[in-house]
Each structure stands twice: as C-alpha cells, then as structure tokens.
Amino acid sequence: MAEVVTLDDATASAVSELVPVLRGFCRSGYGIAVGGAHAKGTADEESDLDLYVFASSVLGNEARAARVRECSPAIENLVSWGDEDPFVQGGTDFERQGQKVECWLRHSGYIDQTITNCRAGVVEHTQVTWTPMGFYSYCALSDLKTMVPIEDPEGMLARWQEAIAVYPPKLREAIIDKHLGAARFWPHNFHYTSAVERLDVMYTTTIIQQVVHNLIQTLFAMNEVYFPGDKKLAAALEYLERVPEGFGQQVQRLVFPGREATADMLREQQTELQRLLAETEALVAGTR
C-alpha cells in the first residue's frame with residue numbers, strides 16, 4: 001500500500017469543502033483522492049491542489065463548471081475540458097480563495113486496463129503538449145501509489161494501490177529494454193560527433209536531452225520505482241538507491257553547462273554522455 005500521508009489542516013479543510021462538488025461530477029461508481037505534492041508531503045507555496053476523480057461516467061464540461069461555480073462565489077479562472085463521448089479523461093481547474101485547484105478526471109476502466117497492461121509489460125507512450133517528453137502510461141501508477149484516498153465507496157482505489165504495491169517484473173524489463181536500447185543510439189553515433197565538430201549546439205542539446213531522459217527512465221525501472229513524469233525529476237532522482245555516482249550533478253552539468261559552447265566543451269559533453277551510458281549499462285547488468 002501507499003505510505004499514509006496526513007494532510008495539513010488547510011488542505012484537509014479545502015478538500016472537505018470540495019469533495020461534495022467532485023462527487024456530484026460522477027454519474028457512476030467513483031473514487032476521489034488527493035494526489036501530487038500534497039499527497040507526497042512535499043507541497044510548497046507554488047504547489048496547486050491536485051484532486052483526482054475516477055468514474056466510468058461523468059457530467060459534461062459545462063455541467064461540471066456550473067457545479068463548481070455554485071460551491072463558492074470566490075471561484076476564478078475556471079476551465080473545464082475533456083467533453084468526450086465516450087468519456088476517457090477530462091479536467092476542471094480553477095482558483096479558489098487564491099489557491100489553484102486542478103481536478104483531473106479519468107475513466108476507471110482505463111486505470112484497470114493500464115494496471116493490467118503494465119503488469120504484463122505492455123506500456124503506452126503518447127506525445128502530448130503538456131509534458132515535454134510525452135505521457136507514459138505507467139506514470140498513472142506513480143500517481144496512484146502516492147495518492148491519499150478521500151472517498152472510495154467502491155473500493156477501487158484500495159484495489160488499485162494493492163495491485164501496484166510491488167513493482168511488476170515484466171514492466172521493469174520492458175522499460176529497461178526500450179529505454180536503454182534508445183539511450184545507446186546516440187553517444188557513439190558519428191552524426192553526433194559531426195554535430196559537435198560543426199558546433200551545432202541546438203542539435204547536440206536535443207541529443208543530450210533525449211539520452212538523459214532514456215537513462216533516467218532506465219534507472220527508475222532498474223530501481224523498481226514508478227517513473228513520476230518530467231516535473232521535479234532532480235529531486236526524485238535522489239530517492240533512487242542505485243545510480244551512477246554523482247548522476248544528478250552530472251545530468252545538471254550536461255543540460256546546463258553554464259559556459260560557452262566551444263568544440264572542446266561539446267566533446268566533453270559527448271564523453272560524459274558515453275561514460276554515463278556505460279555506467280548505467282553496468283548497473284543494469286548487475287541486476288539481471
């Protein structure tokens with residue numbers, strides 16, 4: 001099961017007032033939870049309040065927006081989206097008394113299928129605009145693992161958290177095979193070397209970002225920790241037990257070198273990338 005986090009008084013109060021509204025979004029059995037930084041106990045002044053609603057049928061955009069407006073005259077910047085038929089996902093986001101609230105709605109059947117697929121080693125990657133490297137289906141498992149259930153009359157949240165409590169071995173192998181294979185493509189590639197000698201910084205930067213992303217995906221899977229998505233990755237890396245020595249600092253230097261992009265600097269980056277790949281490969285080999 002997910003580690004139990006106690007919500008602070010202000011968050012608990014806000015959630016208590018909003019739960020009846022979220023419950024009213026649903027036209028079927030449902031589950032409601034707090035996610036994100038508040039569920040992880042890492043919230044700061046910039047953190048919004050992430051609320052999750054799972055159901056097989058929900059009200060449309062305008063009906064959800066109307067219910068939010070009815071709950072308080074202090075609602076601002078209300079946006080409701082995802083009015084699809086059949087329902088897959090949607091959102092109703094707003095500001096309440098100066099606090100940003102993000103309510104994410106997801107078809108409960110999708111979560112069931114995602115868990116089944118991930119346990120079988122089947123993953124999906126969708127290129128979307130709201131997360132730079134795209135959305136990986138197993139990110140939903142990362143969210144679920146840390147959520148704090150608020151209302152779970154159908155027992156769906158408890159069932160899901162139990163199902164993902166142990167990292168699926170087939171998911172581990174599928175992610176490592178995919179992303180370690182992708183990470184190997186560029187570091188020794190002659191096109192990368194040519195770009196370095198040409199000082200094609202825009203090209204080499206995208207190569208570095210892609211390789212680093214694939215190495216990070218590999219390390220999360222190797223450590224049997226669900227990949228949480230692109231945000232706050234530097235902090236998330238600190239919780240991985242097995243990574244190349246100084247990995248986080250090396251990644252920071254690769255992505256933000258902080259000095260003029262000379263040929264020597266770009267060569268150093270390529271060498272560093274090659275070394276990180278080799279060290280990651282060695283770590284993976286030691287766990288198989």
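Analyst: Let us begin with burial: a residue counts as buried when its relative accessible area is under 20%, as exposed when over 50%, and as partly exposed in between. Please keep in mind that this is a predicted model.

User: How are the rings of W186 and Y203 arranged?

Analyst: Planes over 60 degrees apart count as edge-to-face. The ring centres of W186 and Y203 lie 5.9 Å apart with the planes at 85°, so this pair is edge-to-face. W186 sits in the loop between α7 and α8, while Y203 belongs to helix α9, 17 residues apart.

User: How many aromatic pairs does the structure hold?

Analyst: There are 10 aromatic pairs, and one of them joins Y52 and W104, edge-to-face, at 5.3 Å centre to centre and 70° between the planes. Y52 lies in strand β2 and W104 in strand β5, and both residues are buried. Together with F54 and W160, Y52 and W104 form one aromatic cluster.

User: How do helices α7 and α12 pack?

Analyst: Two packed helices are described by the angle between their axes and the distance between the axes. For α7 and α12 the angle is about 155°, with the axes 11 Å apart, and these helices are therefore roughly antiparallel to each other. Their contact is made by I176, L180 and A183 of α7 together with L277, T280, E281 and V284 of α12, and these residues divide into five nonpolar, one polar and one charged.

How values were computed: Residues numbered from 1 in each chain as written. Predicted model: local features only at pLDDT ≥ 70, side-chain atom pairs only at ≥ 80, totals over all residues. Heavy atoms only, no water. Axes fitted to C-alpha atoms, helices over the stretch in contact; angles between N-to-C directions. Helix = DSSP H or I, 4+ residues; strand = E, 2+ residues; numbered from the N terminus. Parallel < 35°, antiparallel > 145°, perpendicular 65-115°, else oblique. Contact = heavy atoms within 4.5 Å. Nonpolar A, V, L, I, M, F, W, Y, C, P; charged D, E, K, R; others polar. Phe/Tyr/Trp six-rings, centres within 6.5 Å; stacked < 30°, edge-to-face > 60°. Buried < 20%, exposed > 50% of the residue type's maximum accessible area, 1.4 Å probe, protein only.
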